[in-house]
Amino acid sequence: MRELSFPSVTITTAFGKTKNIRSVVQAAEWLVAHWPVLTGDKFTVARQTCLDALDEKVTCTACRDAFIEAAKEAGIYIADKRL
């Protein structure tokens with residue numbers, strides 16, 4: 001499976017450390033396995049957008065943008081590398 005890279009997005013983990021998310025695959029993994037809040041409109045959109053990006057229905061940029069919005073909604077967003 002291709003990683004489908006994008007410029008990194010930095011989030012905080014459950015243990016207060018930082019994690020750089022650099023691809024659609026990493027974003028999808030975090031949304032499914034490590035996300036602190038499994039509810040919210042932006043979380044739902046980000047999860048679907050990751051799946052759509054993996055199916056090549058939307059761009060990696062759309063996935064990245066949705067992931068950032070979900071991270072803000074969850075209160076774990078720190079920063080992103082400018083496009």
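**Exercise 1.** In this predicted model, find which residues Ala74 touches, leaving out those up to four places away in sequence.

*Solution.* Start by placing the residue: Ala74 lies in helix 3. Next, look around Ala74 for contacts beyond its sequence neighbours; these are Trp35 and Pro36.

**Exercise 2.** Describe helix 3: how far does it reach, which of its residues are buried, and what covers them?

*Solution.* First, the span. Helix 3 covers residues 60–74, and its 15 residues reach 21 Å from first C-alpha to last, close to the expected 21 Å. Second, burial: Cys63, Arg64, Ala66, Phe67, Ile68, Ala70 and Ala71 are buried. Third, the cover over these buried residues includes strands 1, 2 and 3 along with helices 1 and 2. Finally, step just past the helix, where Gly75 takes a positive phi of about 75°.

**Exercise 3.** Work out how helix 1 and helix 2 are oriented to each other: parallel, antiparallel, perpendicular or oblique?

*Solution.* Begin with the axes, which come within 9 Å and cross at roughly 140°. Angles over 145 degrees would count as roughly antiparallel, and the two helices are therefore oblique to each other. The crossing of helix 1 past helix 2 is left-handed. Now list who meets whom: Val24, Val25, Ala27, Ala28 and Leu31 in helix 1 meet Phe43, Ala46, Arg47, Cys50, Ala53 and Leu54 in helix 2. Sorted by class, this contact has ten nonpolar residues, one charged and no polar.

Note on methods. Residues numbered from 1 in each chain as written. Predicted model: local features only at pLDDT ≥ 70, side-chain atom pairs only at ≥ 80, totals over all residues. Heavy atoms only, no water. Helix = DSSP H or I, 4+ residues; strand = E, 2+ residues; numbered from the N terminus. Expected span 1.5 Å × (residues − 1). Buried < 20%, exposed > 50% of the residue type's maximum accessible area, 1.4 Å probe, protein only. Contact = heavy atoms within 4.5 Å. Axes fitted to C-alpha atoms, helices over the stretch in contact; angles between N-to-C directions. Parallel < 35°, antiparallel > 145°, perpendicular 65-115°, else oblique. Left-handed = near helix turned anticlockwise from the far one by under 90°. Nonpolar A, V, L, I, M, F, W, Y, C, P; charged D, E, K, R; others polar.
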